[in-house]
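Please consult the sequence and the structure while reading.

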Amino acid sequence: MRRWSGALTALVLAGAGIAATTIPATAADGTERDPAATARCDAGWGSLTKTSKDTSYKPLTDIRAGRHECYDRLVFDVPTADGRPVGYRVSYVDKLLQDGSGEPVPVDGGAILEIRVAAPSYDPLSGKQTYPGRVGQPLRGVDVSGYRTFRDARYASSFEGDTQIGLGVRGRLPFRVFQWGDRIVVDVAHGWNLFR
């Protein structure tokens with residue numbers, strides 16, 4: 001009898017999981033949306049340091065930000081990498097210290113993510129600047145006003161092949177980092193309650 005009870009419980013739970021994935025999501029205006037388009041934050045997220053080893057040493061050309069239903073996103077463009085792995089190290093820090101000098105770089109927000117991408121802001125062969133960052137200044141073209149999670153985005157340095165950025169966020173929220181073609185993507189979730 002105990003085996004049947006356990007099997008029945010497992011079957012009911014499995015059925016509930018199937019039902020949950022097949023019911024369309026409803027938007028605030030009452031219209032139905034495709035369940036596949038519904039925001040899910042369920043894999044690769046957390047608040048611990050995330051790193052990747054690099055195999056290319058190519059210059060950074062742009063940094064962009066975007067808002068999504070589940071998270072805010074910062075994208076680093078490294079188009080000359082041709083899809084080869086680009087190294088990175090992303091972690092929460094108490095304060096952002098500039099590489100080389102050790103000077104503090106002020107970043108607004110409840111917490112600071114230090115982002116290092118193994119792509120200099122200049123061409124290693126010619127020395128020509130490829131991304132116009134200035135120490136302590138907001139990132140060019142990145143306006144995070146009105147974002148749910150991002151509060152500030154500051155350029156810190158380009159030192160020994162790495163570009164260093166300070167990303168101010170509301171608090172120590174879960175984040176993920178991945179390479180997508182010639183881009184390094186940093187997503188910071190709007191909250192812990194978005195995880196299953």
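Strands β10 and β11 run antiparallel and are joined by eight bridges; strands pair if DSSP finds at least two bridges between them. Helices (H or I, at least four residues) and strands (E, at least two) are DSSP runs, numbered from the N terminus. The model is predicted: local features need pLDDT of at least 70, side-chain atom pairs count only at pLDDT 80 or more, and totals for chains, interfaces and linings use all residues. Residues are numbered from 1 along each chain as its sequence is written, and side-chain values use heavy atoms, with hydrogens and water left out.

**The open sheet**

- Opposite D152 stands G168 in β11.
- Five strands form an open sheet in the order β3-β6-β9-β11-β10, with antiparallel pairing.
- Because β3 (50–52) and β10 (150–159) each have a single partner strand, they stand at the edges, and one side of each is left without a neighbour in the sheet.
- From one strand to the next, the twist averages 15°; axes are lines fitted to C-alpha atoms, for helices over the stretch in contact, and angles run from 0 to 180 degrees between N-to-C directions.

**Q164 in strand β11**

- Strand β11 (residues 162–169) contains Q164.
- Q164 has a relative accessible area of 0% and is therefore buried (buried means under 20% relative accessible area, exposed over 50%, partly exposed in between, with a 1.4 Å probe and protein chains only).
- A polar atom of the Q164 side chain lies 2.9 Å from the backbone oxygen of L97, and a polar atom of this side chain lies 2.9 Å from the backbone nitrogen of D99.
- With neighbours within four places in sequence left aside, the contacts of Q164 (heavy atoms within 4.5 Å) include L96, Q98, E114, I115, R116 and Y155.

- Strand β12 (residues 175–180) and strand β13 (residues 183–189) run antiparallel and are joined by six bridges.
- F178 is placed opposite V185 in β13.
- Two residues lie between the strands of this hairpin, in which G181 takes a positive phi near 65°.
- V186 belongs to strand β13 and is buried, its relative accessible area being 0%.
- Not counting residues up to four places away in sequence, V186 touches residues including D72, L74, F76, V90, I115, F150 and V177.
- V186 and A65 are 121 residues apart along the chain, and their C-alpha atoms are separated by 9.5 Å.

**The chain as a whole**

- Of the 196 residues in the chain, 41% are buried.
- Contacts between residues at least 24 apart make up 65% of those between residues at least 6 apart in sequence.
- The chain exposes about 11100 Å², with 53% supplied by carbon and sulfur atoms; accessible areas come from the Shrake-Rupley method with a 1.4 Å probe, and for residues only the protein chains shown count as cover.

**Confidence**

- The average pLDDT of the chain is 80, and 76% of the residues score at least 70; pLDDT is the predictor's confidence in each residue, from 0 to 100.
- Residues 1–38 have pLDDT below 50, and this stretch has 14 contacts in the model beyond near neighbours in sequence.

Technical notes. Polar contact = N/O pair within 3.5 Å; in protein donor to acceptor, adjacent residues only side chain to side chain.
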